[in-house]
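Here is a short briefing on one protein chain. Keep the structure in view and find each residue as it comes up.

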Amino acid sequence: MAEVHNQLEIKFRLTDGSDIGPKAFPDATTVSALKETVISEWPREKENGPKTVKEVKLISAGKVLENSKTVKDYRSPVSNLAGAVTTMHVIIQAPVTEKGSKSVVDLLTERWCCV
């Protein structure tokens, strides 16, 4: 099987340990488009699924991914190996309802950076 360098095989790991994918995405795919995929393929049996791109945070290799960047921007050398699948972790950030409330991502970032 020929190696495809202009696509990345990605699976999305949900907080309960289940996955969406893997699925191949062209290098030009934006992070925002990846988040749309997560929203559209969210398991129906799971409650509190994301409704908008703003509610979804993707983390890969310890980085929170930016919506305007592409799959190619976050490609690692390991992803070029035949059969490699990149795992992106999905965090759902509910819209903030109270002024000054911290999001789950903010709380996790504080916890991880200070350990």
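Phe 12 has Met 88 in β5 as its bridge partner. That pair belongs to the parallel pairing of β1 and β5, which spans 4 bridges. The model is predicted. The points below go from the sheet to the helix, the core, and then the charged pairs.

**The sheet**

- Five strands form an open sheet: the 5 strands come in the order β2-β1-β5-β3-β4, and their pairing is mixed.
- Two strands sit at the edges, β2 and β4 (63–64), and each of them pairs on one side only.
- β3 and β5 run antiparallel and are joined by 4 bridges.
- Within β5, His 89 stands opposite Ile 59.
- β3 and β4 also run antiparallel, with 2 bridges between them.
- In a regular strand, side chains alternate between the two faces of the sheet.

**Ser 60, at the end of a strand**

- Strand β3 covers residues 56–60, and Ser 60 lies in it.
- The bridge partner of Ser 60 in β4 is Lys 63.
- Is Ser 60 buried or exposed? Buried means under 20% relative accessible area. Ser 60 has 10% relative accessibility, so it counts as buried.
- Leaving out residues up to four places away in sequence, Ser 60 touches Leu 65, Thr 86, Thr 87 and Met 88.

**The helix across the sheet**

- Helix α1 covers residues 31–40.
- α1 lies across β1, β2, β3 and β5. Its direction makes an angle of about 115° with β3.
- Which residues of α1 are buried? They are Val 31, Leu 34, Lys 35, Thr 37, Val 38 and Ile 39.
- An α-helix has 3.6 residues a turn, so residues three or four places apart point the same way.
- The buried residues of α1 pack against β1 (7–13), β2 (19–26), β3 and β5 (86–92).

**The nonpolar core**

- In soluble globular proteins, nonpolar side chains tend to be buried together.
- The largest nonpolar core has 18 residues.
- Which members touch the most other members? They are Ile 10, Phe 12, Leu 34, Val 38, Leu 58, Met 88 and Val 90.
- β1, β2, α1, β3 and β5 each give two or more residues to this core. α1 gives the most, with 4 residues.

**Salt bridges**

- Side chains of opposite charge can pair when their charged atoms come close.
- How many salt bridges are there? The count comes to 5.
- Asp 16 and Lys 46 form one of them, with their closest N and O atoms 2.3 Å apart. This pair links distant parts of the chain, 30 residues apart. Asp 16 is in the loop between β1 and β2, and Lys 46 is in the loop between α1 and β3.
- Asp 16 is partly exposed, with a relative accessible area of 47%. Lys 46 is partly exposed too, at 21%.
- Lys 23 and Glu 41 form another salt bridge, at 3.3 Å from N to O. Lys 23 lies in strand β2 and Glu 41 in the loop between α1 and β3, so the pair ties together parts that are 18 residues apart in sequence.
- Lys 23 has a relative accessible area of 37%, so it is partly exposed. Glu 41 has 34%, so it is partly exposed as well.
- Lys 11 and Asp 19 also meet in a salt bridge, at 3.8 Å from N to O. Asp 19 has 31% relative accessibility, so it counts as partly exposed.
- Lys 11, Arg 13 and Asp 19 are linked in a network of salt bridges.

- Asn 6 is found in the segment before β1.
- Asn 6 has 52% relative accessibility, so it counts as exposed.
- Along the chain, Asn 6 and Pro 26 are 20 residues apart, yet their C-alpha atoms are separated by 5.8 Å.
- Asn 6 touches Phe 25, Pro 26, Asp 27 and Arg 75, not counting residues up to four places away in sequence.

How values were computed. Residues numbered from 1 in each chain as written. Predicted model: local features only at pLDDT ≥ 70, side-chain atom pairs only at ≥ 80, totals over all residues. Heavy atoms only, no water. Buried < 20%, exposed > 50% of the residue type's maximum accessible area, 1.4 Å probe, protein only. Contact = heavy atoms within 4.5 Å. Pairing = 2+ DSSP bridges. Axes fitted to C-alpha atoms, helices over the stretch in contact; angles between N-to-C directions. Core = buried A, V, L, I, M, F, W, Y, C linked by side-chain atoms within 4.5 Å. Salt bridge = Lys/Arg side-chain N within 4 Å of Asp/Glu carboxyl O.
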